[in-house]
Amino acid sequence: MSMYQVRPVCAGEMKVDLPTCMYALPNIHGRCPEHLQNGEVDPAVRALEARQDEILRKLYELKAAVEGLAKTVATPDADLDSTVSSSFASPASTSTTFKGTADLDTLLGKDLGALRDIVINANPARPPLTLLVLHSLLCQRYRVLSTVHVHSSVSAVPPQLLSCLGPRHADSYARHLFQLGITLIWKDVPKLQMRFNVRNMCPIEGEANVARFLFRLLSPFPADAALATLVDGWVDTAFFQLAEGSAKERAVVLRALNSALGRGGPWLAGPELSLADVACYCCVVQSGSAAAAPPDVRRWLQACENLGYFGCTGPLLQ
């Protein structure tokens with residue numbers, strides 16, 4: 001007599017009598033019709049499905065976390081020493097000033113719902129004000145996971161720079177809850193650097209170019225070639241003459257701004273706030289030219305501040 005006994009139980013089901021030293025496992029695939037009535041699902045099947053869903057959920061979270069770390073840590077220009085803060089921003093109830101909004105899948109490629117990570121290296125000696133303004137605007141449009149780190153090349157960072165993207169959020173570990181990740185690393189670099197795709201994307205350098213990239217996540221670039229050229233012109237003027245130019249060059253730009261704003265439009269390039277306004281505002285206040293600005297420029301500066309997106313720049317200028 002074999003130690004295993006096989007006997008029929010009912011149609012479609014076989015049962016194996018195991019030795020007393022082993023566990024008997026129920027057959028969940030061939031229950032008799034009388035066991036399940038009215039479409040009832042076997043409790044063992046429900047438990048198995050629930051366990052499988054939980055495992056898949058944890059695997060997805062782990063995959064998203066590993067991908068985020070790979071994009072951040074594996075970036076040659078983004079080696080990290082310490083995590084300082086992390087924040088969660090959800091779309092606010094107030095609407096943005098943009099009539100058209102961009103789609104991440106269209107702009108950055110479909111990524112199966114994974115978080116899109118943007119890694120930015122910035123020198124604390126010259127904080128990128130445009131990044132803070134655009135970060136505020138992005139938080140109005142997307143669910144953004146924002147993190148600040150300090151690199152070993154920097155000896156000390158002022159407290160206002162450590163918290164410039166907001167406080168740590170309780171759900172910052174759950175990367176699958178977010179659409180966009182922005183990692184700011186304070187590092188001794190000659191100019192602002194940004195990486196989006198570690199594997200096949202060259203780093204973007206310069207605050208003007210990084211600002212252009214981020215602004216495209218907010219609103220489509222003007223289809224009108226003349227308007228697009230006007231925006232680009234003001235952005236270049238802001239960073240090359242206001243930010244890096246002499247006092248004489250800044251005075252010339254302020255007069256040009258005053259003339260453009262005096263023609264009746266509230267903004268520099270069209271009826272909506274554009275990257276031209278963000279770049280010029282940040283460069284005017286960072287260069288210390290706001291106090292000596294002409295009347296129309298002062299009115300425009302106040303209009304920018306009234307929107308609320310520019311308030312984050314104040315602490316960094318102290």
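The following legends describe close-up views of a predicted model.

**Figure 1. Overview of the protein.** The predicted model contains nine helices and eight strands. The protein has 318 residues, of which 41% count as buried. Among contacts between residues at least 6 apart in sequence, 75% join residues at least 24 apart.

**Figure 2. Strand S4 and the residues on its two sides.** Strand S4 comprises residues 116-122 and is mostly covered, with seven of its seven residues buried. In a regular strand, side chains alternate between the two faces of the sheet. In S4, Arg116, Ile118, Ile120 and Ala122 point one way, while Asp117, Val119 and Asn121 point the other way. The residues of both sets are buried.

**Figure 3. The strands paired with S4.** S4 and S6 run parallel and are joined by seven bridges. Within this pairing, Ile118 stands opposite Ile182 in S6. Strand S7, residues 193-195, pairs with S4 in the antiparallel sense over three bridges. There, Arg195 in S7 is the bridge partner of Val119.

**Figure 4. Leu184 and its surroundings.** Leu184 belongs to strand S6, which covers residues 180-186. The relative accessible area of Leu184 is 1%, so this residue is buried, the cut-off being under 20%. Leaving aside neighbours within four places in sequence, Leu184 is in contact with Ile120, Ala122, Leu131, Thr147, Val148, His149, Cys164 and Leu165. The C-alpha atoms of Leu184 and Ile118 are separated by 8.5 Å, although the two residues are 66 residues apart along the chain.

**Figure 5. Helix H3.** Helix H3 is made of 13 residues, 129-141, and its end C-alpha atoms are 19 Å apart. At 1.5 Å a residue, H3 should span 18 Å, and the distance in the model agrees with this value. H3 is mostly covered, as eleven of its 13 residues are buried. Among the buried residues of H3 are Leu129, Leu132, Val133, His135 and Cys139. Leu131, a contact of Leu184, is also one of the buried residues of H3.

Figure 6. Ile55, Leu56 and Leu59 make a nonpolar surface patch of about 280 Å². Leu56 is located in helix H1, which covers residues 43-73. The relative accessibility of Leu56 is 48%, and therefore this residue counts as partly exposed.

Definitions and conventions
Residues are numbered from 1 along each chain as its sequence is written. This is a predicted model: local features need pLDDT of at least 70, side-chain atom pairs count only at pLDDT 80 or more; totals for chains, interfaces and linings use all residues. Side-chain values use heavy atoms; hydrogens and water are left out. Helices (H or I, at least four residues) and strands (E, at least two) are DSSP runs, numbered from the N terminus. Buried means under 20% relative accessible area, exposed over 50%, partly exposed in between (1.4 Å probe, protein chains only). Contact means heavy atoms within 4.5 Å. Patches are made of residues with over 30% relative accessible area and no salt bridge: like charges are joined within 9 Å, nonpolar side chains (Val, Leu, Ile, Met, Phe, Trp, Tyr) within 5 Å. Accessible areas come from the Shrake-Rupley method with a 1.4 Å probe; for residues, only the protein chains shown count as cover. A salt bridge is a side-chain nitrogen of Lys or Arg within 4 Å of a carboxyl oxygen of Asp or Glu. The expected span of a helix is 1.5 Å times one less than its number of residues. Two strands pair if DSSP finds at least two bridges between them.
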